[in-house]
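Subject: Structure handover

Hello,

Here is the structure you asked about, with the sequence. My notes on what turned up in it follow below.

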Amino acid sequence: MILVIVDHDRGVLDPTSVQAISGALALDSEVDVLVVGAAGRDVVGELASFGANTVHLAVHDSVTDFTPVASARAALELISRVSPAAVLVTGTPRGNEVLAHIAAILDLPMAAECLEIALGNDGVHQVVRNRWGGNIMETARVHSTLLLAAFAPHAVRAESAVGTGTIAEFTPALSDADLAVRILDRVGEGATGVGLTEARVIVSGGRGVGGPEGFAILEELASLLDAAIGCSRVVTSNGWRPHSEQVGQTGTKVAPDLYIACGISGATQHIAGCRTSKTIIAINTDKDAPIMGYAHYAVIGDLHTILPELVAATRAAKE
Amino acid sequence: MNIAVCAKRVPLSGGRWELTADGTEIDTSGASMGFTLSPHEECAAEAAVQLVEEFGGSSTVITVGVADSEEQIRSLLAVGIDRGVIVETDGGEWDPQGTSSALIEQVRAGSPDGAYDLVLLGTEAADTADFQVGIRIAHALGWPVVTNVKGLKITDGVARCERAVGSYREIYEVSLPAVITVKDGLNIPRYPSVPGRIKARKKSVDFIAGERPAPRLEKVKLALAVEEQRSAEILGTGTGNGADAVPALVELFRTIGVI
Amino acid sequence: MSSVPATAKCVVIGAGIVGNSVAYHLARLGWRDIVQIDKGPLPNPGGSTGHASNFCFPTDHSKEMAQITAESIVQYREMGTFTECGGIEVARTTERMQELARRVSSAKSWGIDNTEIISPARCKELVPFMDESVIIGGFYTPSVGVVDSVRAGTIMRERGQAMGALTSIGNVEVTGIDVEGGTVKRVRTDKGDIDTEYVVIACGCWSRRIGAMAGVSIPLTPAVHQMKDIGPAPFFADAKGDIEWPIVRDMDTNMYERQHGSGLEIGSYAHRPILYSAEDLPSNAAAALSPTEFPFTQEDFDLQDEQALELMPDIVGDETVGEKYAINGILSLTPDGMPIMGESPEVKKLWAAAAVWVKEGPGAGKCIAEWMVLGHSEIDLHTSDISRFHDHQKTVEHVQARANEGFNKTYGIVHPGEQWASNRNVRLSPYYSREQALGAVFYETVGWERPFWYESNAALVEKFGDAVMPRTSEWDSRWWSPIINAEHLQMRETAGLVDLTAFAIFDIVGPGALDSVQRTAVRQMDVAIGKVVYTPVLAINGGYKSDLTIMRLGKDHFRVVTGGAHGMSDLKWFSDHLSADGTAQIVDLTSSMTTLGIWGPNARKIIEAITTDDMSHEGFGFSTCRVVEMGPLRVLASRISYVGDLGWELYVPMEQGARLWDMIAEAGVEHGLIPVGIGVYGTTGRLEKSYRAYGAELETEYNVLEAGMSTKKIKDADFTGKAAHLKHRDEAPATILCTLTVDDHTSANGEKRYMLGREPVLTADGGIITDSHGRRSYVTSAGSAPSIGKHILMTYLPPEYAVIGTKLLVEYLGEQYPCSVLLTTSEAAFDPTNERIMS
């Protein structure tokens, strides 16, 4: 049996974290899911649609929002009860964090950023994992009876499957220390615009945009396409846009349906953050820019000429 | 405030790596091969320097790596870190547990200025992306840990940490001593100045012999990611500076279903 | 992705400043179907141009370099890519101050105006962020500027394209160069093959590797030049322009500092030489920054940080000023510090334009294009000529050793006589051990170890006393000895034996031999067998390509003897001018034959002691040669002289040289024979005879008439440069080579000073002398004439000054010394009627 920990944000399922269920089902037909927090009840139905049968719901009065150590403690309690062969997550920030707490407490190895996982019977498992933002793949052995591993986000696709979604609720035993680190507040919520990770479309700008004012036209296009704004590292290090919009190995990794790269040459650092996008359109004056090796479609030309016309044409097409 | 920063020397390249013949390492023998630190760690060091500027105390950078890691350590000393400790390896890679135990030992040993109040490090290493060393250190020391931190403010011994989630930020607070793992964007790391470089040469870097424990996350081999080299379909070029492509783009938007 | 045209007139490989310039100038001169490729993307493909610090200081002690730079600046200005900001070379030591004075002189000699020595206070005024207490003075050049080399390259490409002459394609990697029948045929690339008539390799630090694809040696090595950019400096916050303050070269620390925008760029040539091979350069994809920007190695810059801090504490010492960018930039170094230009000696129509820095790029491109299209370049390029290299100079070991040694000379004080220390003892004459035993002080010429003087002759200094013209100044006497002058005087009394093994010797043989030498030499070569002819060799413009002697050894057999330094270029020139029908062959005998010279009043008596042949004036006339038996040897004796005394050059196979030496030495004992070094042969002996030397007096820039070497009649046979030469004969020469003597050597502090050459010659009131073609008067050669007790200067002077007795000034290390015109023809100061030679 494999235990998958999925994440939700106050009752809204993190779609990326669900990918681990599909990944686990490919390894073992028996997959249990752990959800922490009372609000997790709201996502059980959805989890069933990805093939989850038993959904362990850890509910504790003091856990009202994400509390990483509490989640780990809940998982540990469950692990000792259900003895899974592996605990898997999707390597979202929260997924990695909770799994690392489990690993640290149990003093077991943990493999993050996995692309492939093969469970061994003799306490030796084999994984293939990303290094360097996916530029290098490592084949590694994990020496542990209990495998702790995180799939790299988007390494597996979340597949629909039929599960019963049976809830097994329990109350984990938690100390004050387990509750010490938790979300106290959220700021900037309700801000307009679409978050990078959730966006279906991202309009992204690089050095070619020329300056902060150059992003106005990108924002116009983004609003027409319901898109988030992204940017390359040059843009944030020049202070043209906030760091939260940086796409890349040290920024945010994204996989939208459509990624429009405007004036982005395509440094590896950037490609590492957007290569899994379903469709990439590059708008660039240099036909030989590295981005052309990753883009599905390209327009060779000046974005300052193309974008205003594209905005006008898109607006017209929507009307 | 005494702060430990953990950092790691990693190869610098344009991204097109070469591997050694046996496929277990990145080939760093090339004359043009350089080494660097991950941006996360540079941010961690910058945060440490700023905190010491604010509260006094001292900062120490600790690394587990080859003796040549001194180059990266000195670069952090040049931006204001006070001293360095290198747990010296023979170049073989240490797994996250091995790395963590070496770091834990050094953090426990404290600095000449006393016990550490704070350990800062990157959320993940640039190369191995293990996402766990900070958390292991925290558990070993019995300290709280906040990860993925992109905003940090310490007041009266309490660290207020922000982490970015989508379009908003989550706020955490932990009392020191604590471990905080940070991400690029936490701050804009200063560049070393020439006087900083000169001072860095006089700062102490201690070398401590490390013994690599048997890996439990054991690297078998490396492979270069298969580049899915595409040839982009050119929708427009030249004419009107590419604007001739607009109808095709709009049609594409329709096909993909974004309008 | 891009593909390449299948054919071209010329493929230019490289799109840095040099390749762009070559391509443009070829187009400007009328060529079409020029294809330019580069493995990197345009406009900045990732070579050294992309990270160059882009400043141009026009002054160089090398005339050739100064001229190429001057031409480059003209072009950068015309393209609007030159920002004049001025530049100061500052001195921290008195020795450097003297060097700066020497630079002022070189500036005057090469036509760079308005340079001056300035005080520390004036330096501070010009560069307010400098701590002037660290320095003792500066050499200020207002016309120093910063160029945009990438922009200039783009403009040149665009011009070539606008003419419909040029196709430039990036991201094309050369995979091979095909050669057929000794001529370049095709360039192979990863995007297809290009059949082409010409190829130019302008690949900077990759050139050696690309050249090797065609079997061509381009002996250069990639080397590191470190630089770091710091900023933003609060001091520069109000800077009006991108480049507002003069560039400072801190010469004694081998560094430079320059403001640009809000930052300061600090560059260094002080660190240990860090050399690579072309194989070490990464691909564009694998490079962290660019293939020629290697990671900065701070430990090599530690000292430079402190020195920069000393000179510019306000900027460099500011802790808020960060190091934004620091690289080990790759540039190209050659074994002798000069560029590598011209058609390769190995493959026809394959040209090199490499080891050219940004300040020389556009000028070098123009020179190469002229050379390719017109057959010669306006600027004489003989010290940059790719064909100058001898085989041993093409080895990796030689290139690395000399680049290693030469790197720190970039800002160094290099004495004109300075010898290389590395990679010596490569070519040893058969007399080497004998010379060593005589205390020879060896100087190197193209690998040959040549005695410059012999310590065994030291006692002669006392014998001749003040006649040896002793020098007290350390600089004047560095790489010099009064023994040279003593040897000279003794030779004039008795006889001297000179090792001339360094001569380049090649035979031209076959039915087409006469035709081949006729078309190359100015003088009549259809002469009797046994005649020795001294002749100019001209470029197509009638300027000097060389001067040398040719012996006719048989009906179809000529032997060319020329100086070692220029020998390989001469070999290529003669090879290129062999009869096209293949009826003449050229055979290089340089390493097979050795030469001894014996001259002096007693030379005949000594030779007669070892031969029974008739060596009398009647029996062995001047300008003749023949084989003579000397003991067990058959020796080719040639009765000529470059030192102005009776005697012969004696040629024997290399392995027999030692025996010849021993016979002569033994016979010479009773006739006062001494060994004589090249100090006499190359300087004192020739100067008091006003003999011209190629590379000093004789260059492509000067013609036969100007050099005073015209003969009454001109042969009927055609020769290269004849049309121009005939025209020159009908014109009044714009300048005339004169011999001057220094009237008073006394400097301001009372010490006697002796010029070493290349100094400006000025009017009596200190004015610049320029001829009607814009050429400055400068000392082409300087040296003692011990027999007449004078220090001689040779210089070209416009006709109004070329009058015997004209009083002029020569500027030496910041002071001016009176001198006067002694001779205005090729007549000699010593023994003008040649009685000695003809005795």
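How many residues of domain 1 of chain A are in contact with residues of domain 2 of chain A? Before the answer, please note that this is a predicted model, and that every value here is computed from it.

Chain A

The two domains of chain A are domain 1, covering 2-179, and domain 2, covering 201-318. Five residues of domain 1 touch seven residues of domain 2. On the domain 1 side of that contact there are four polar residues, one nonpolar residue and no charged residues. The centres of the two domains, taken over C-alpha atoms, are 33 Å apart.

Chain B has 259 residues, of which 53% count as buried. Its secondary structure consists of six helices and 13 strands, and its C-alpha trace spans about 65 × 50 × 40 Å along the principal axes. Among the contacts in chain B with a separation of 6 or more, 72% join residues 24 or more positions apart.

The contact between the two chains involves 75 residues from chain A and 65 residues from chain B. Several elements of chain B supply at least two residues each to its side, including helix H1 (39-55), helix H4 (133-141), strand S7 (145-155) and helix H6 (246-256). The largest share, eight residues, comes from S12(B). Sorted by class, the chain B side has 33 nonpolar, 18 polar and 14 charged residues.

The shared sheet

Which strand of chain B pairs with strand S12 (residues 185-187) of chain A? The partner is S9(B), and the two strands run antiparallel over three bridges. Within this pairing, A:Asp185 stands opposite B:Ile171.

At the S11(B) end, strand S5 (residues 83-88) of chain B pairs with S11(B) in the parallel sense, over five bridges. There B:Val85 has B:Asp206 as its bridge partner.

Chain C

Chain C comes to 20 helices and 39 strands. Of its 839 residues, 58% are buried. Its C-alpha atoms fill a box of roughly 85 × 65 × 50 Å along the principal axes. The radius of gyration of chain C is 27 Å, which agrees with a compact globule, because a globule of 839 residues would have a value near 28 Å. In chain C, residues 24 or more positions apart account for 74% of the contacts with a separation of 6 or more.

Regards

Terms used: Residues are numbered from 1 along each chain as its sequence is written. Chains are lettered from A and ligands numbered from 1 in the order in which they are written. This is a predicted model: local features need pLDDT of at least 70, side-chain atom pairs count only at pLDDT 80 or more; totals for chains, interfaces and linings use all residues. Helices (H or I, at least four residues) and strands (E, at least two) are DSSP runs, numbered from the N terminus. A residue is buried if 20 or more other C-beta atoms lie within 10 Å of its own, exposed if 12 or fewer, and partly exposed in between; C-beta atoms are placed from the backbone. The radius of gyration is taken over C-alpha atoms; the globule rule is 2.2 Å times the number of residues to the power 0.38. Ala, Val, Leu, Ile, Met, Phe, Trp, Tyr, Cys and Pro count as nonpolar, Asp, Glu, Lys and Arg as charged, and the others, Gly among them, as polar. Two strands pair if DSSP finds at least two bridges between them. Domain bounds come from an automatic or database domain assignment.
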